[in-house]
Amino acid sequence: MWIIAGLGNPGEKYDGTRHNAGFEVIEKLAEAHQISVTEREGRAFVGKGRIAGQRVLLVKPQTFMNLSGESIRKLKDYYKVEEEQVLIIYDDVSLEPGKIRIRKKGSAGGHNGIKSIIAHLGTQTFPRVKVGVGKKPPAYDLADYVLGRFSRQEKEKMCEGYEAAAAATEKIVAGEMESAMNLFNRKGKAEEVSE
């Protein structure tokens, strides 16, 4: 079984913000695979189904971003899933809007949701799909920026990014991690702000 968790903040006031990119990708996957992500479990909304022939649990933690690890750990322990089968999808301010980057493991890179997950799982060895939300303008506070919304132009790019992240997730779940990395990590390298 795979746990596929998209990170974000619960509540209508956070809908459509940069920090909720992970929730948006979960919605795309849920729609494409007819999975209803409405059950409450482990301080999250979850939905069970199949993607690429694999059993999956789609997850939207309801703990707020900086406590995401609490929810992920509860679900991981309950379903007895290995770290390598816990896929995290989240926003990245070092990538241009809509660009995605796949990693098998790594540090938090300053992302509070990932910091929490690393702390609760006790490892950095879990795959992730990062969705670019654009670099913070110099005058902005980072917290204000990630809780802000996209411009109309950015929204179009983000829709493409959510679709790409969903497609990448499908490949990863199908056991095609290398293929997914080759395909999606190469796209738009020149436009990347920084790694």
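This is a predicted model: local features need pLDDT of at least 70, side-chain atom pairs count only at pLDDT 80 or more; totals for chains, interfaces and linings use all residues.
**Exercise 1. Find the helix that holds Thr169, and work out whether Thr169 is buried or exposed.**

Step 1: Thr169 sits in helix α5, residues 152–173. Helices here are DSSP runs of H or I with at least four residues, strands are runs of E with at least two, and both are numbered from the N terminus.

Step 2: The relative accessible area of Thr169 is 0%, so Thr169 is buried (under 20% relative accessible area; exposed is over 50%, partly exposed in between; 1.4 Å probe, protein chains only).

Step 3: Leaving out residues up to four places away in sequence, Thr169 touches Ile4, Leu29, Leu87, Ile89 and Val129 (contact: heavy atoms within 4.5 Å).

Residues are numbered from 1 along each chain as its sequence is written, and side-chain values use heavy atoms, with hydrogens and water left out.

**Exercise 2. Work out which residues of helix α3 are buried and what they pack against.**

Step 1: Helix α3 covers residues 112–121. Its buried residues are Gly113, Ile114, Ser116, Ile117, Ile118 and Leu121.

Step 2: Recall that an α-helix has 3.6 residues a turn, so residues three or four places apart point the same way.

Step 3: The partners of those buried α3 residues are α2 (68–79), β5 (86–92) and β7 (128–132).
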